[in-house]
Amino acid sequence: MVRIAMAAFSASLATAFLAPAADIAPRFTNVEPPKAEYLVHVLAPQARCLAVSDTLGWIAAGHKAAHPAQITLYKLDPQGKPTGAPIAIKTPVPAYLTPRNHYVLGLLFHPRLPLLYVWQDVEASKADPPPPEDPAWKEFDHLLIYNLAATVPELVFATARGKGFCIGVGAGGPAFDADASRLYVPNLRFGDKVLDGSGIGIYHLEPDGLPMLGEAPAADKPPASPVDAQKAAADRPARVAALRAALAANKPIGAFWYTPINYGFYAIPSGAGIHPLGPKLFIAQGTIGIVTWDEGSRRVRTHVLLMPTNMQAYYVTRLVGHPVLPVIFSTAAGYEFLYRVEHIDGQPTLAPQVARLPKYTVNAPPIVLTRRKLVGVGGPGVFMLVAFDANGKLKEEGALTLDVPGQEVDGYAYSEKLDRLYLAVEKLPK
Amino acid sequence: MTWTRPDSNWHERPLPRGLFPRARHPLSGALVGIALSLAILATPLQARTIILTDEDCEKMAFISAEVPTLGWACYEIATATFTTSVLECAPNKAFLIRYPIDRIPAGQKIVKAELGFTTTLQGAGAQRLHLRRIVGEWGVGVCWLYRSQRPKKVEWTQAGARGVSTDRATRPSSIIRSAAAGDKVVNVTEDVELWYTGATPNQGWMLTVEDQDGYIRLNSPLWPPGRSNWKLRITYEPE
């Protein structure tokens, strides 16, 4: 009897839960800043987002609600280091909305022209009960376009107001398609007094970087030729006047198109990561997963890939698309996972690869350091980098952590031209 | 937040009764424990069991004739809107999954292998699921039309991996009869043995419903209730 018991006991001991293989546990090495020669700290307290322009030599930080200015701009020297005094920008907000703070959710530089696109938001009303019609719907513009060629950055155009855009959202940012002829915007709003759903919108742009008037061009029409910055600047006053006249007459601008109310974007945020692949074909952060939207497909217009997460609380994804490889990198904000999803023309294929991170991830989407084959995401007091191979597959070796003590690392960006990783910090390290 | 595996007691087996006899003397339990430990150390392990789950699987897909180019055509939650929250098995659909069994060391004999998963809903009356070995490589871009699309498109012999002996094994490894929703356990010892010995390349399985009007809903590995729910338990011992 004892021998039977021993055999059974040893068999029980021998049952093994092996570490999952498709799930990987990257081995992280901590790197001290001086050794990460590609790292640049950007003094930008309370940064929520960061954007860098490879062509213009600017870096911009969008700040959280507590910061007195909504944007801080730095010029970059030829080595990609911030230089000169920072330029603080207070974005417009109707006076009657105070004391509600407004803040920047996302920033985007035009790839060729000296224009900065800003997606901003304002805190939700704290009134109890909240008003059925939010006063912010009247005159708060979410989309701002700044001219950076002026002596002082100049707001040239503002739009995206009304109850068709959500208020008080915590994430979401604009994105361009490959030739900057379409500007994708997040956090659309459906519903009257109650939010029925969210979505993604598209403004069609002229080569001068401003929304077009009239009908959208045919999807198969090649994009118009770029215009140079001087011509765009010369034509801008007339263009802006025409756009404002159209808005005053309640006419649409930018041939604005948006996703109809749907399951993929049934709550906010929508668009904390937008990866355009073609006319009205894109992958975007949806309520609980990665959404592939293909307006041209009758049979599969929307596909939602839920993220394999052992859910302890409701999770919301963030994502970034590799600019070349057919791969999406995603996180579930607040969880310690990084996902890699391969796609075929936008549709996910095979099992997502799951990498375990040492710390939970923050609000901002991951970024791709293309020249270093690293994907990075911020965490509490740390920026985490995982290596990937030529196919974008995450690897266990080569993972790094960069300490940024005393803050959640929410503002980060990468310059492919200069191979620089920018991290927004509360204080510059000594 | 830390990641933890969800509980599942499917794989747990209670320890045999009498292993730890009730102590009659304060020291007797300790003496029994010491004796057992020494006996265990002296006796080589006879068998070992590993449990692989969907978390181990790089290759999974759900293909459907209705959306022939989609690799995760799991559930049409609204018109032209698909999600991966559940796997809706019906005619002209299939769930594909491949477990990496290369973790079993060389020189072993497969004693037993069981595939476990959970069904959550089914059509009226008894339903049947067919489990078959997949034949031939499949991979990136797998869908109803193609077994892979990258680096180049390769079609199934018959769309939906239905080519007998060319896309899937001639006969099912098992026909799982389901009277009601719940946990299912399938003996797949023969298949795992074929793969382990190299008699057949391991290309995984496909699960289908082949009865007209048949319908079974399975837990999806891409949604928390289903994550790590798909278990392959393999017991092996030295030859």
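Is Glu88(B) buried or exposed? In this predicted model, for which local features need pLDDT of at least 70, side-chain atom pairs count only at pLDDT 80 or more, and totals for chains, interfaces and linings use all residues, side-chain values use heavy atoms, with hydrogens and water left out. Residues are numbered from 1 along each chain as its sequence is written, while chains are lettered from A and ligands numbered from 1 in the order in which they are written.

Glu88(B) has a relative accessible area of 14% and is therefore buried (buried means under 20% relative accessible area, exposed over 50%, partly exposed in between, with a 1.4 Å probe and protein chains only). The residue belongs to strand β5 (residues 86–89) of chain B; strands (E, at least two residues) are DSSP runs, numbered from the N terminus. The side chains of Glu88(B) and Tyr215(B) form a polar contact of 2.5 Å (a pair of N or O atoms within 3.5 Å; within protein, one must be able to donate a hydrogen and the other to accept it, and residues adjacent in sequence count only if both atoms are side-chain atoms). Beyond four places in sequence, the contacts of Glu88(B) include Tyr75(B) and Arg217(B) (heavy atoms within 4.5 Å). Arg217(B) in turn lies over the face of Tyr75(B), 5.1 Å from the ring centre (CZ of Arg or NZ of Lys within 6 Å of the ring centre and within 35 degrees of the ring normal).

Strand β20 (residues 302–306) of chain A has 5 of its 5 residues buried. Thr302(A), Val304(A) and Leu306(A) lie on one side, and His303(A) and Leu305(A) on the other. β20(A) pairs with strand β19 (residues 289–294) of chain A in the antiparallel sense over 5 bridges (pairing requires at least two DSSP bridges between two strands), and Leu305(A) is the bridge partner of Ile290(A). A parallel pairing over 3 bridges joins β20(A) to strand β4 (residues 81–83) of chain B, where Thr302(A) stands opposite Thr81(B).

Over all chains, 17 aromatic pairs are found (rings of Phe, Tyr and Trp, the last by its six-membered ring, with centres within 6.5 Å; planes under 30 degrees apart count as stacked, over 60 as edge-to-face and the rest as tilted). The rings of Phe337(A) and Tyr339(A) have centres 6.1 Å apart and planes at 50°, so this pair is tilted. Phe337(A) is buried at 2% relative accessibility, and Tyr339(A) is buried at 0%. Ring pairs also link Trp119(A), Phe165(A), Phe190(A), Tyr203(A), Phe256(A) and Tyr258(A) into a cluster.

Definitions and conventions
Helix = DSSP H or I, 4+ residues; strand = E, 2+ residues; numbered from the N terminus.
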